[in-house]
Amino acid sequence: MISALTEETVAPATVNNSKIIVRKANMQDIPALLGLINGYAGKGIMLPRTEFELSENMRDFMVAWDGRTLAGCGALHFYSPTVGEVRSLATAETHKKHGVGRLIIQALVTEAQTYGLDAIFAFTYVKDFFAKVGFHEVERGELPLKAWKDCLRCPKFNSCDETAVMRVLKPDRWQARHAVPPVLGVEDGLVVILPTVRR
Ligand SMILES: CC(C)(COP(=O)(O)OP(=O)(O)OC[C@H]1O[C@@H](n2cnc3c(N)ncnc32)[C@H](O)[C@@H]1OP(=O)(O)O)[C@@H](O)C(=O)NCCC(=O)NCCS
């Protein structure tokens, strides 16, 4: 059972002869997380996060540590009783293409299964990576409307070039609940304006 305070959630993996520990994040991880996420945000490939946002959402996060170096991170954010989003997924430049991203996704999938989710999704520029770890491309209308709230503060709101990808964890339940695409506009009293997709 994954819990926020479990020290280690995934068996240590060896990457480049280093032992990578993947575990739930804690508050002491925040400075390193800010450095990793906002480094990529500065290049326009991830949404920036503040210390306040990380503190508020710290229970969503998994971290992968290689000794004293933060090798990667990722978060699972719940939107509904059935769907969650993979957010803030990043591997340090020094550790890319050595399986760290896959390890973090595995940890997030295990957590999603533990919580009984039917599916998890992500918005991404790296759909080929997500294809390698079991996700497929979906129409944006298949995602919960609340998932679009981050888009409102995205600089690319009027020319969104991210791809929506999903990994279904419980195919039967997903099919039964989502045979009819949701009507866009209002969900749980929240009015949602969808970003414009760049073609
Ligand atoms: C995307 C990212 C997390 C991948 O992390 P990683 O640790 O390098 O990925 P892994 O080494 O676990 O790769 C798993 C598989 O995906 C492939 N892969 C990794 N990055 C890829 C990419 N950009 N495009 C296509 N395939 C990719 C790997 O080759 C590997 O394939 P294999 O199993 O056939 O060997 C990392 O490149 C990154 O942090 N990018 C910048 C931030 C970002 O874009 N985050 C995503 C936000 S949604």
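Modeller: Start at the ligand. Of the 20 residues around the ligand, Thr91, Gly101, Arg102, Thr124 and Asp128 come nearest. A residue is near a molecule if its C-beta atom, placed from the backbone, lies within 6 Å of it.

Colleague: Is this predicted or experimental, and how do you number residues?

Modeller: This is a predicted model: local features need pLDDT of at least 70, side-chain atom pairs count only at pLDDT 80 or more, and totals for chains, interfaces and linings use all residues. Residues are numbered from 1 along each chain, as its sequence is written.

Colleague: Which elements each supply at least two residues of the shell around the ligand?

Modeller: Strand S5 (83-91), helix H3 (100-114), strand S6 (119-124) and helix H4 (127-132) each do. Helices (H or I, at least four residues) and strands (E, at least two) are DSSP runs, numbered from the N terminus.

Colleague: And by class, what does the shell around the ligand have?

Modeller: The shell has 10 nonpolar, five polar and five charged residues. Ala, Val, Leu, Ile, Met, Phe, Trp, Tyr, Cys and Pro count as nonpolar, Asp, Glu, Lys and Arg as charged, and the others, Gly among them, as polar.

Colleague: Where is glutamate 162?

Modeller: Glutamate 162 lies in the loop between strand S7 (136-137) and S8. Its C-alpha is 5.0 Å from that of threonine 124, with the two 38 residues apart in sequence. Beyond neighbours within four places in sequence, glutamate 162 is in contact with Phe123, Thr124 and Tyr125. Contact means C-beta atoms, placed from the backbone, within 7 Å.

Colleague: Why does glutamate 162 count as partly exposed?

Modeller: Glutamate 162 has 19 C-beta neighbours inside 10 Å, so it counts as partly exposed. The cut-offs: buried is 20 or more other C-beta atoms within 10 Å of the residue's own, exposed is 12 or fewer, and partly exposed is in between, with C-beta atoms placed from the backbone.

Colleague: What about methionine 166, buried or exposed?

Modeller: Methionine 166 is buried, because it has 22 C-beta neighbours inside 10 Å. Methionine 166 is in strand S8 (residues 163-168). Leaving aside neighbours within four places in sequence, its contacts are Ala119, Phe121, Phe135, His136 and Val138.

Colleague: Switching to backbone angles. Which residue other than glycine has a positive phi near 50 degrees?

Modeller: Serine 88. Serine 88 lies in S5 and is buried, because it has 24 C-beta neighbours inside 10 Å. Lysine 97 also has a positive phi, near 60 degrees. Lysine 97 is in the loop between S5 and H3. With 9 C-beta neighbours inside 10 Å, lysine 97 counts as exposed.

Colleague: Now H1. How many residues does helix H1 have, and how far does it reach?

Modeller: Helix H1 (residues 30-41) has 12 residues and reaches 16 Å from first C-alpha to last, close to the 16 Å expected at 1.5 Å a residue. The expected span is 1.5 Å times one less than the number of residues. Leu33, Leu36 and Ile37 are its buried residues. They fall within an arc of 85 degrees seen down the axis, so they line one face of H1. That arc is of the directions from the helix axis to the C-beta atoms.

Colleague: What do the buried residues of H1 pack against?

Modeller: Helix H2 (51-56), strand S3 (61-66), strand S4 (69-78) and S5. On the other side of H1, Pro31 and Gly35 are exposed.

How values were computed:
Contact = placed C-beta atoms within 7 Å.
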